[in-house]
Amino acid sequence: MTPSDDLSRRRMLVKLGLFFNGAVGVILAVPIVRYLLSPVIRERNGGYESWLALGPVEQFPAGQTRLATYRHPAANPSDGETANIPCWVRNVDGQMFQVFAINCAHLGCPIRWFPQSGLFMCPCHGGVYYEDGSRASGPPERGLFEYRYKVEAGKLLIQAGEMPTVGAPTARLINIPLGRPPCA
Amino acid sequence: MRLIQKISHWFDERLQLSTPIRETMAHPVPRQTASWAYVFGSAALTVFGLQVVTGILLALLYVPSAGEAWNSLQVLNHQIALGWFIRALHGWGSNFMVAIVLIHMAQVFLFGAYKFPRELTWIVGVLLLLMTLGMAFTGQVLRFDQDAYWGLGIGASISSRIPVLGPWIVNLLLGGPIIAGATLSRFFALHVFVVPGSLIAFVGLHLLLVLKLGINEWPMPGRIVRRATYLQEYHELTRKDGIPFVPGAVTKDLFFSGFILLSIAVCAVYFGPFGPSGQPDPTIIQTVPRPDYFFLWLYAVLSLLPPSMETPALLIGPVIALAVLLALPFVSGEGEKSWKRRPIAVLTILLAAVALGTLTHLAGNAPWSPVMDAWSAEPIPAQYLKSRTALERQGALVFQAKQCHNCHALGGVGGQRGPELDRIAVELARDQLIRQVIQGGGNMPAYGKNLSPAETTALVAFLETVYPAGQAPARDPSRSVEFRSSQ
């Protein structure tokens, strides 16, 4: 065996060793990436789109808008109070409801309802909405996010899902036509 | 004494580090760089050291759980001896670090230090700036209070606007469908492992580059950087007019670093720790979230941009800014270094400083936010109520009850979202007032549905009396036309 043969054999072995490690790396990377992506791979935590009771319908008198809270269905014990999510419930006329997410459609700050002037106001950048959730003024480019709702056995139920954001169609809140409840 | 020598000799026989360390310390630097202008890099390093130490101390007690974090900060503030002081040191350290890194960057830019052969040093520095800001933001999240909670919501809302990938990125950022335990845990991992790990690695690289390439010489007007000759010229300069880094140049670094540490300690003692503000309970909606001071400028930008420009500016702006910073040493890698011959560089720094300063100052009083409790907390100035009719005073009541005061100031109190109304009767006549109230417009909501005709009449009657002494209220233009035509 000549020295050059020996050298090429060694180089070959080094390459083989590198390839072996690369292959093992890829095999390891698959579960690691899967683990990292678990928040976006949704079949595991699909449960959070279940229907949640906000309380008996009588809690929401006709013509009024009131704050309601629910415990997010995907909550863990360690989430503490962060999993208690508020929302605004508007009883339009005793028959129809609107349930608005608490988050301003601009950047997600908590909007507050002012019954005297019939407006929702945002404390962050000054977004204002009318009582039906449509945009009145300020930086938001759209009206408030709405939850799907239904009334069953005298209780108001909503489908909560994700924290709504402008770009998140997965929030399933955006394509609902105003004032036409899908399940009532 | 001999024992110490023996021990150090024993170690050096094995480590063989004393010679390279001695050489590094004694490496010659241009005499003029022993200047107060060259102390910011070492000060940033010192503050980083302080942050690492205080960060570890805080981690001894901090509980990175959404249900417990806020309570553990209360324990640190109130129950652990000097826990408040460690928190204050870490908080003030972060403010100082962001400020010093920015000043260091401005100095390096003005002194042309990013030019050949120090391009990579600059690029690593830009990455270090990003990591420093990343530490600032993630640190603000770990102070898991109301500001942190809603700040995360803002971060998620911005990320959601990224085309196609937005919703995924939101979920990855939050670690789930909502801001909750998983969110805090991943920000803890970022703040404590990922970003500091990369910071340490990149700081090492940054320092290595400074040592390998030598500190930037004091720029002289007319001394032009050329790729072909620079290295030789620099070598010549350090040989002819160089002093050893230790003890020649390091003195000012030492004193400045000590001064900065002392300043942080004084701020920590005097002002105390930052927050935490209210509990991170989203059902407490009586909150006015504000970012920490290094992101106040962004808060102002988000409020002042026209809505249609917001998403493009948010998504493209940072990319352009980063591209400009990274491309800088390649676009102007040669030529003049002195700020005396680089007016555009000086103007750029001035513009950036004025813009950041103005936006930060604006965000301090946030004129774009309604004052959520002005309607119930701020009185109408007495001069607008004296000698008024019952109808006009009824209008003042409507003004308060319908939250007009939240957006409109009277006598300097109230919101600044809409125009101040102290001259409103001079600017608008009765019909214009009615139209504006009922229909809104110009960024004002329409109140037509929420005001009865009687309320509107009273409100407008009140507004018609609001004008400064010595100025006439506006008259209906159509009436004056009629008046002229009848003459």
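**Cores, domains and local geometry of the A–B model**

The largest nonpolar core holds 112 residues, of which A:Cys87, B:Val47 and B:Ile100 touch the most other members. Helix 5 of chain B, residues 83-110, gives the most to this core, with 11 residues. Nonpolar side chains tend to be buried together in soluble globular proteins. The structure is a predicted model.

The surroundings of A:Cys87 can be listed residue by residue. Leaving out residues up to four places away in sequence, A:Cys87 touches A:Ala68, A:Val99, A:Phe100, A:Ala101, A:Ile102 and A:Tyr147.

Chain A is divided into two parts: domain 1 covers residues 1-41 and domain 2 covers residues 46-171. The C-alpha centres of these domains of chain A lie 51 Å apart. Confidence in chain A averages a pLDDT of 83, and 85% of its residues reach 70 or more. Residues 169-184 of chain A have a pLDDT below 50. Beyond near neighbours in sequence, this stretch has 29 contacts in the model.

Chain B contains 21 helices and four strands. Its radius of gyration is 30 Å, well over the 23 Å that the globule rule gives for 487 residues, so chain B is more spread out than a compact globule. Along the principal axes, the C-alpha atoms of chain B fill a box of roughly 105 × 60 × 45 Å. Of the 487 residues of chain B, 38% count as buried. Contacts in chain B between residues at least 6 apart in sequence were also examined: 79% of them join residues at least 24 apart.

The domain assignment for chain B gives domain 1 at 26-365 and domain 2 at 374-485. Taken over C-alpha atoms, the centres of domain 1 and domain 2 of chain B are separated by 47 Å.

The contact between the chains takes 56 residues from chain B and 50 residues from chain A. On the chain B side, helix 7 (146-159), helix 8 (166-174), helix 12 (296-304) and helix 13 (307-331) each supply at least two residues. By class, this side of chain B has 30 nonpolar, 19 polar and seven charged residues.

Helix 20 of chain B spans residues 453-463. Its buried residues include B:Ala458, B:Leu459, B:Val460, B:Ala461, B:Phe462 and B:Leu463. The buried residues of helix 20 pack against helix 16 (390-401), helix 18 (424-427) and helix 19 (430-439) of chain B.

Leaving aside neighbours within four places in sequence, B:Gln439 is in contact with B:Ala446 and B:Gly448. B:Gln439 and B:Lys449 are 10 residues apart in sequence, and their C-alpha atoms are 9.4 Å apart in space.

Several backbone features of chain B stand out. Most residues other than glycine have a negative phi, and most peptide bonds are trans. The peptide bond from B:Val246 to B:Pro247 is cis, with omega near 10°. B:Pro247 is found in helix 11 of chain B, residues 245-271. A cis peptide bond also joins B:Gly275 and B:Pro276, with omega about 0°. B:Pro276 lies in the loop between helix 11 and helix 12 of chain B.

Positive phi values occur in residues other than glycine. B:Val164 has a positive phi of about 65°. B:Val164 is placed in the loop between helix 7 and helix 8 of chain B. With 8 C-beta neighbours inside 10 Å, B:Val164 counts as exposed. B:Ser387 has a positive phi near 50°. The loop between helix 15 (374-377) and helix 16 of chain B contains B:Ser387. B:Ser387 is exposed, with 7 other C-beta atoms within 10 Å.

Definitions and conventions:
Residues numbered from 1 in each chain as written. Chains lettered and ligands numbered in written order. Predicted model: local features only at pLDDT ≥ 70, side-chain atom pairs only at ≥ 80, totals over all residues. Rg over C-alpha atoms; globule rule 2.2 N^0.38 Å. Buried ≥ 20, exposed ≤ 12 C-beta atoms within 10 Å, placed from the backbone. Contact = placed C-beta atoms within 7 Å. Domains from an automatic or database assignment. Nonpolar A, V, L, I, M, F, W, Y, C, P; charged D, E, K, R; others polar. pLDDT = per-residue confidence, 0-100. Core = buried A, V, L, I, M, F, W, Y, C linked by C-beta atoms within 7 Å.
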